[in-house]
Amino acid sequence: MWFEILPSFGIITAVLSVPGFALYGLHKLTLDNAYRRNTDERWERLMYTRDMRLTGNPYQCNGLESISDK
């Protein structure tokens, strides 16, 4: 019958959802932040490197106070 596919559908769905949840924990352990910045576009990569250069933490909000007056 049609309901015989439900167990295999549940197993496949569970297995395919594991990487998404595993990345959350992996980023939390390695980056001390559960979320990762998107670096697909060139502009996003430039902003990531700028934030890393200015504050040392790309996840911290940067304003004019983070730029030195030298």
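How many aromatic pairs does the count come to? The count comes to one aromatic pair, formed by Trp2 and Phe3. Please keep in mind that this is a predicted model.

**The aromatic pair**
- Trp2 is exposed, its relative accessible area being 64%.
- Phe3 is partly exposed, at 44% relative accessibility.

**The salt bridge**
- The count of salt bridges comes to one, and its partners are Arg50 and Asp51.
- The closest N and O atoms of Arg50 and Asp51 are 2.7 Å apart.
- Arg50 has a relative accessible area of 32%, so this residue is partly exposed.
- Asp51 is buried, because its relative accessibility is 6% and the cut-off for buried is under 20%.

**Helix H1**
- H1 covers residues 6-31, which makes 26 residues.
- At 1.5 Å a residue, H1 should span 38 Å, and this agrees with its end C-alpha atoms, which are 38 Å apart.
- There is a bend of about 30° in H1 at Val18.
- After H1 comes Asp32, which has a positive phi, near 60°.

Note on methods:
Residues are numbered from 1 along each chain as its sequence is written. This is a predicted model: local features need pLDDT of at least 70, side-chain atom pairs count only at pLDDT 80 or more; totals for chains, interfaces and linings use all residues. Side-chain values use heavy atoms; hydrogens and water are left out. Rings of Phe, Tyr and Trp (its six-membered ring) pair if their centres lie within 6.5 Å; planes under 30 degrees apart count as stacked, over 60 as edge-to-face and the rest as tilted. Buried means under 20% relative accessible area, exposed over 50%, partly exposed in between (1.4 Å probe, protein chains only). A salt bridge is a side-chain nitrogen of Lys or Arg within 4 Å of a carboxyl oxygen of Asp or Glu. Helices (H or I, at least four residues) and strands (E, at least two) are DSSP runs, numbered from the N terminus. The expected span of a helix is 1.5 Å times one less than its number of residues. The bend at a residue is the angle between axes fitted to the seven residues ending there and the seven starting there.
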